[in-house]
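Trainee: I would like a close look at one part of this model, with the cut-offs stated.

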Amino acid sequence: MRLFDTHAHVNEERFDNDRTEMLDACFAAGVEYIMCPAVDRATAESAIALADQYEQIYAAVGVHPHESKDVTEEDYEYFKDMALHHDKVKAIGEIGLDYYYDFSDRETQMKEFKRQLALAREVDLPIIIHDRDAHGDILDTLRTYGKGNFGIFHCYSGSWEMAKECMKLGYYISFAGPVVFPKSTRLKEVAQQVPLDRILIETDSPYLTPPPFRGRRNDPTKTQFVAEEIARLKGITADELAEIALENGKRLFGIQ
Ligand SMILES: [Zn+2]
């Protein structure tokens, strides 16, 4: 099975002790592409360093809503410079709103979200959206300030009604480990209905480990379980689903 994990924080320090072995195991298991998102300047730099080191890894630059209170002008200059001039930087992300933790105040989250929507349009790259308990404000903002933006709803957690809105606005729906959890009946219904040409798969490693590995560190090989579950819901083979999702990812990120 050939896999594209469209969201894996393989630059996180939880991989520092065995990153080389972990990534080699991923590549041996069929993971052919990994999108490594940033959450701030430091993780943008470490994502780019990994993209320089491994042909299979691509990077995003941007500031997560959690870290939006700390972003600086210099950070924005760096993001823009990398987005324009580094050929393995393929997205602005992860960006969005997180009303569950509220680690940055909501006004600041919104301000930096809008600014990064503008940045993504300027550099003509897709965005990777983090939306936690902020469905309404994310959609409103995309409708009002996001004309011309496109990209991914990462670790999708909304309803089918909302998924239709997201797709109408030009977004892909990316499913992570939670779609595998037996209790996720509503999310499984969404995955069953989203058209194949709009589906992406991811792990959000090292978080959100799917069964049968819950409680352990997640890694990109587990994209396979997401592929298997969505394939089961759609009545196709896991190989077919993985292949379609891989091509969707390459198309969205502009990977040859
Ligand atoms: Zn993430």
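Trainee: Which residues of the largest nonpolar core touch the most other members?

Mentor: This is a predicted model, in which local features need pLDDT of at least 70 and side-chain atom pairs count only at pLDDT 80 or more, while totals for chains, interfaces and linings use all residues. Numbering runs from 1 along each chain as its sequence is written, and side-chain values use heavy atoms, without hydrogens and water.

The residues in question are Ile 57, Ile 92, Phe 153, Tyr 156 and Phe 175, in a core of 72 residues (buried Ala, Val, Leu, Ile, Met, Phe, Trp, Tyr and Cys joined through side-chain atoms within 4.5 Å; buried is under 20% relative accessible area, 1.4 Å probe, protein chains only). Helix α4, residues 106-123, supplies the largest share, six residues (helices are DSSP runs of H or I, at least four residues, and strands runs of E, at least two, numbered from the N terminus). A separate core of 14 residues includes Tyr 58, Ala 60, Ile 128 and Leu 200.

Back in the largest core, take Phe 153. Neighbours within four places in sequence aside, its contacts (heavy atoms within 4.5 Å) include Ile 129, Ile 138, Leu 139, Leu 142, Met 162, Cys 166 and Ile 173. The list for Phe 153 also holds Asp 131 and Ser 174.

Asp 219, in the loop between β8 (199-201) and α8 (223-234), counts as buried because its relative accessibility is 12%.

Definitions and conventions
Buried < 20%, exposed > 50% of the residue type's maximum accessible area, 1.4 Å probe, protein only.
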